Amino acid sequence: MDGNFNENDISHIVDADKAHVWHHLIQHKQFETKDPRIIVEGKGMRVWDQNGKEFLDAVSGGVWTVNVGYGRESIADAVHAQLMKLCYFAQTAGSIPGSLYAEKLISKMPGMSRVYYTNSGSEANEKAFKMVRQIAHKRFGGKKHKILYRDRDYHGGTLATMSAGGQDERVMQYGPLAPGFVRVPHCMEYRAHEQDLDHLSSEEYGVASANLIEEVILREGADTIGALCLEPVTAGGGVITPPPGYWDRVQEICKKYDILLHIDEVVCGVGRTGTWFGYQQYGIKPDIVTMAKGVASGYAAIALCVTTEAVFDMFKDDPNDPLGFFRDISTFGGCTAGPAAALENMRIIEEENLLDNCTKMGERMMGNLQALMEKHEVIGDVRGKGLFLGVELVADRTSKEPVAEAQVAQVAAECGAQGVIIGMSNKSVPGRNNVLCFSPALIVTADDIDLITDSVDKALTKVFG
Ligand code: PMP
């Protein structure tokens with residue numbers, strides 16, 4: 001830390017936080033007996049809290065965001081220069097970084113064509129839902145308007161994205177939800193026994209799970225379904241990777257029933273899995289892609305809804321429908337700091353070969369975690385892609401009964417005490433946090449990977465023996 005921080009400042013800042021800040025995803029009662037953690041500074045892979053304690057951040061800012069690490073001067077410089085030139089103009093007009101970033105991004109997304117600027121992952125997903133709804137009105141008299149989403153997937157905290165929320169505990173006290181969203185089953189091979197599908201091979205399970213989506217389509221009526229919205233690798237729902245065969249069959253089904261495929265890349269997007277996008281790991285050809293967190297690594301708030309030219313074309317000039325363009329605006333989609341930061345973020349990933357580093361370090365981390373499985377009976381499954389990994393903890397490997405959530409929190413707290421911040425996913429099993437999550441920045445070194453997994457090893461020993 002830079003030392004410009006004295007104890008009076010600290011107690012003032014902590015008091016102000018306790019008096020006035022409403023933290024995200026936190027039960028505030030705990031702050032009656034302890035102080036909230038305030039992160040004061042970050043550099044590379046490390047952050048410091050209000051007490052000067054150093055942490056190795058294994059979750060890129062808590063929620064899979066700071067992909068190029070903290071303290072990047074070149075991003076700060078690019079944002080500063082852009083703000084001094086032009087801070088903002090509504091996206092009704094273009095901007096220099098808006099044009100340049102769109103061009104650069106599309107060069108990494110063959111088959112995609114148009115970039116719609118907005119500010120958060122939820123909002124990007126809402127834009128996509130609105131596009132699907134409007135297409136239903138334009139082409140199908142409003143009938144083909146339903147959006148399918150998957151059990152355990154998460155698409156945001158707004159009303160419509162909650163209505164497409166596959167994690168019940170994050171939705172259940174906020175109803176009534178928006179109509180026109182229909183849930184389909186997940187594809188989680190580790191828990192195939194819960195669907196009586198554990199007798200199948202991986203590939204058979206992949207195809208069978210995709211077929212469960214088709215069953216829902218047939219039940220609802222294909223002529224009522226406009227889009228299927230899925231995460232390529234499910235993040236908060238338990239770090240769930242698809243088995244072989246799944247995505248091919250999903251795409252066949254979408255084609256067969258003229259259903260748009262909307263891929264939510266809010267977590268996987270921009271390098272996290274070792275390719276620019278998670279969907280590129282599985283040969284997916286989406287119609288709509290949404291992204292947010294890693295786009296500018298948190299240096300500016302920016303999110304995008306990217307479409308094919310075919311989707312865009314549906315909103316173009318139609319003499320029979322003069323109001324048929326996309327009648328939507330996002331005020332802060334016009335902030336130029338976002339694309340300026342995103343452009344530099346992408347340049348850094350290219351120049352420093354961070355996609356390769358992600359793949360290599362991801363393999364190392366996967367190897368380390370798999371090795372821990374031999375030592376710790378409590379690890380039921382290790383899964384992930386690139387630097388996006390999860391460890392599912394179970395009380396019994398045969399029944400796969402999850403461990404108590406409090407024990408998982410204890411493991412995370414124990415890692416924290418050792419100076420490593422790890423995450424817990426919202427659920428793999430309904431209502432239970434039993435997956436430890438890891439998503440270090442793409443700059444992570446082998447030494448840091450080993451530090452993270454050593455810390456998990458010690459924490460598991462301490463909590464489970
Ligand atoms: N989609 C996914 C897959 C996410 O993980 C998240 C956020 N965790 C969102 C959408 C929502 O993004 P935001 O919080 O920026 O609205």
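Visitor: In which sense do strand β7 and β8 pair, and over how many bridges?

Guide: Two strands count as paired if DSSP finds at least two bridges between them, and helices (H or I, at least four residues) and strands (E, at least two) are themselves DSSP runs, numbered from the N terminus. Here strand β7 (residues 225–230) and β8 pair in the parallel sense over four bridges, with leucine 228 standing opposite leucine 261 in β8. Before we go on, bear in mind that this is a predicted model, in which local features need pLDDT of at least 70 and side-chain atom pairs count only at pLDDT 80 or more, while totals for chains, interfaces and linings use all residues. Residues are numbered from 1 along each chain as its sequence is written.

Visitor: Which residues of β8 point one way, which point the other way, and are they buried or exposed?

Guide: In a regular strand the side chains alternate between the two faces of the sheet. A residue is called buried if 20 or more other C-beta atoms lie within 10 Å of its own, exposed if 12 or fewer, and partly exposed in between, with the C-beta atoms placed from the backbone. In β8, Leu260, His262 and Asp264 point one way and Leu261 and Ile263 the other, and all are buried; the strand, residues 260–264, is therefore mostly covered, with five of its five residues buried.

Visitor: What is the order of the strands in the open sheet of four strands?

Guide: The order is β1-β2-β3-β13, and the pairing is mixed. β1 (39–43) and β13 stand at the edges with a single partner strand each, so one side of each has no neighbour in the sheet. Going across, β1 and β2 pair in the antiparallel sense over four bridges, and lysine 43 stands opposite arginine 46 in β2. Strand β2 (residues 46–49) then pairs with strand β3 (residues 54–57), again in the antiparallel sense, over three bridges, and tryptophan 48 stands opposite glutamate 54 in β3. The hairpin of β2 and β3 has four residues between the strands, and within this hairpin glycine 52 takes a positive phi near 80 degrees. Finally, β3 pairs with strand β13 (residues 420–421) in the parallel sense over two bridges, where valine 420 is the bridge partner of leucine 56.

Visitor: Where is the place of glutamine 418, and which residues does glutamine 418 touch?

Guide: Glutamine 418 lies in the loop between α12 (405–417) and β13. Two residues are in contact if their C-beta atoms, placed from the backbone, lie within 7 Å, and, not counting residues up to four places away in sequence, glutamine 418 touches Ser455 and Lys458. With 16 C-beta neighbours inside 10 Å, glutamine 418 counts as partly exposed.

Visitor: Which residues of α4 are buried, and how are they placed around the axis?

Guide: An α-helix has 3.6 residues a turn, so residues three or four places apart point the same way. Helix α4 (residues 96–107) has 12 residues and reaches 17 Å from its first C-alpha to its last, close to the 16 Å expected at 1.5 Å a residue, the expected span being 1.5 Å times one less than the number of residues. Its buried residues are Pro97, Gly98, Tyr101, Ala102 and Leu105. They cover an arc of only 130 degrees around the axis, which puts them on the same side of α4; the arc is that of the directions from the helix axis to the C-beta atoms. What covers these buried residues includes α3 (73–85), β4 (114–118) and α10 (337–351), whereas the face turned away from the buried side carries the exposed residues Ser99, Glu103 and Ser107.

Visitor: How many residues does the contact take from domain 1 and from domain 2?

Guide: Domain bounds come from an automatic or database domain assignment, which here gives domain 1 (37–66 + 354–464) and domain 2 (73–351). The contact takes 31 residues from domain 1 and 28 residues from domain 2. On the side of domain 1 that touches domain 2, the largest share, five residues, comes from α11.
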